[in-house]
Amino acid sequence: MDSFLPSPDCDTISKTYNGQIDSHLIQKTNEGYREILPNLPRGKGWMTEHLVQYQGVWLTPNFALKGLMWVQDHFKPRSTDIFLATFPKTGTTWLKALTFATVNRTRYGFADHPLLTTVPHGCLPFLEACPNDLDGFRSPRLLSTHIPYTLLPNSVTVNQSCRFVYICRDPKDVLVSKWLFMNKLRPKELAPISLEEAFELFCQGISHYGPYWDHVLGYWKANLETPEKVLFLKYEELKEEPSVVVKRLGEFLGHPFSLEEVSKGVVEEIVKLCSFENLSNLEVNKSSVLKLSTQIVIDNRHFFRKGNVGDGKSYLTDEMIKRINEITSEKLFGSGLVFGS
Ligand code: A3P
């Protein structure tokens, strides 16, 4: 599959991002990284021991910080690039599958589709997870990112006509999904994070790529300002009417479904292929792993838990629900964006 390259080791920026970039420039980024790291504010990590705050966002000190710095310093966008932007645990895996299947629907048949044998993250790489030669990808490149819109380089957000699809989700479901997921990845030598602790950290904004609300608002504003560039979706809407959203996705990405495709049920085939029930029961997603770096190897099955709307509420106390709803109303006040109760 030419849209996917395995991610290399992530020990240093220079070792990782060695594609077409001048080694002096790489060295400069490396030096900058070493210089800033000791002085960054630290918070408790969910999966790693610490998170660090850089340019207002909380990141893992190794993988995510280096990824962001590399993107800011070296990423060369193409005008045809398509970015799937998400905050972790809001539906990244699902959106990747749907987008990959939609854009490539004339290339692959449903009976022997790559998504039947490859985890969606393997079909569509993370920009900041450093595939070592994005230049080798054919256009349009499908890339995903957790980087907040406001921290992406101008070459991506202002100067290029590349497109973004963003998906957000009710913060209560994001928090609980993230807490359960991160504890599975947390090294044995670190004690698990309790829900109370995760809740406090999340509310303070201290979680990977957090604060959550700032992340959402960055893409929401970009969508209001440049709707032709940024499509803004909600996990809950996708659950409710997947076929409607997939048609919107196709239209937005310049791959609209023809009347013939619609009448033949192509949209429904894509929805079925990418459904939680189908993907979570595939052998590859039950037993294989995703290797993001030497340190980060994730069992594919962890990407599929329940896939329900409102599940977060069954873990949180009434008081927690009240507090997170209040923070959400306060943060989103005046933006025009709302989540359910
Ligand atoms: P839950 O933990 O609430 O079940 P991400 O892909 O951003 O890591 O998000 C993971 C969440 O999306 C998990 O939510 C997971 O179960 C859910 N998910 C994964 N694949 C899905 C699919 N095909 N349809 C619906 N939800 C899905």
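# Notebook: helices and sheets

**Entry 1. The end of α8.** I began just after helix α8, where Gly205 takes a positive phi of about 90°. Helices (H or I, at least four residues) and strands (E, at least two) are DSSP runs, numbered from the N terminus. I noted that the model is predicted, so that local features need pLDDT of at least 70 and side-chain atom pairs pLDDT 80 or more, while totals for chains, interfaces and linings use all residues. Residues are numbered from 1 along each chain as its sequence is written, and side-chain values use heavy atoms, without hydrogens and water.

I then looked up the buried residues of α8 (buried: under 20% relative accessible area, with a 1.4 Å probe and protein chains only). They are Leu195, Ala198, Phe199, Leu201, Phe202 and Cys203. What do the buried residues of α8 pack against? Their partners are β1, α7, α9 (212-225) and α16 (318-332), where contact means heavy atoms within 4.5 Å.

**Entry 2. α7 against α8.** I examined helix α7 (residues 171-185) and helix α8 (residues 195-203), whose axes are 10 Å apart and whose packing angle is about 130°. This angle makes α7 oblique to α8. I recorded the scale: under 35 degrees is roughly parallel, over 145 roughly antiparallel, 65 to 115 roughly perpendicular and the rest oblique. Axes are lines fitted to C-alpha atoms, for helices over the stretch in contact, and angles run from 0 to 180 degrees between N-to-C directions.

The crossing of α7 and α8 is right-handed, meaning the near helix is turned clockwise from the far one by less than a right angle. From α7, the contact uses Pro171, Val174, Leu175 and Trp179; from α8, it uses Leu195, Ala198, Phe199 and Phe202. I classed the residues of this contact and found 8 nonpolar, no polar and no charged. Ala, Val, Leu, Ile, Met, Phe, Trp, Tyr, Cys and Pro count as nonpolar, Asp, Glu, Lys and Arg as charged, the others, Gly among them, as polar.

**Entry 3. α9 against α16.** I found that α9 and α16 cross at roughly 35°, their axes coming within 10 Å. This crossing is right-handed. Here Trp213, Asp214 and Leu217 of α9 meet Ile324, Ile327, Thr328, Lys331 and Leu332 of α16. By class, I listed 5 nonpolar, 1 polar and 2 charged residues in this contact.

**Entry 4. The antiparallel sheet.** Strands of a sheet pair through backbone hydrogen bonds, either parallel or antiparallel. I looked up an open sheet of 3 strands with antiparallel pairing, in the order β1-β2-β3. β1 (42-44) and β3 (57-59) stand at its edges with a single partner strand each, so one side of each has no neighbour in the sheet. Direction ignored, neighbouring strands are turned by 35° against each other on average. Two strands pair if DSSP finds at least two bridges between them.

β1 joins strand β2 (residues 50-54) through 3 bridges, and the bridge partner of Lys44 is His50 in β2. The hairpin of β1 and β2 has 5 residues between them. β2 and β3 also pair over 3 bridges, and in β3 the bridge partner of Val52 is Leu59. How many residues lie between the strands in the hairpin of β2 and β3? There are 2, and Gln55 takes a positive phi near 50° in this hairpin. I noted lastly that helix α3 (residues 63-74) lies across β2 and β3, at about 25° to β2.

**Entry 5. The parallel sheet.** I turned to an open sheet of 4 strands with parallel pairing, in the order β5-β4-β6-β7. Its edges are β5 (142-145) and β7 (230-234), each having a single partner strand, so one side of each is left without a neighbour.

Strand β4 (residues 82-86) is joined to β5 by 4 bridges; Ala85 stands opposite Thr145 in β5. Helix α4 (residues 92-103) packs on this sheet and touches β4, β5, β6 (163-168) and β7, its direction making about 160° with that of β4. Leu84 stands opposite Ser144 in β5. Which way do the residues of β5 point? Leu142 and Ser144 point one way, Leu143 and Thr145 the other way, and all are buried. Finally, I found helix α11 (residues 242-252) lying across β6 and β7, at about 170° to β7.

Notes: Buried < 20%, exposed > 50% of the residue type's maximum accessible area, 1.4 Å probe, protein only.
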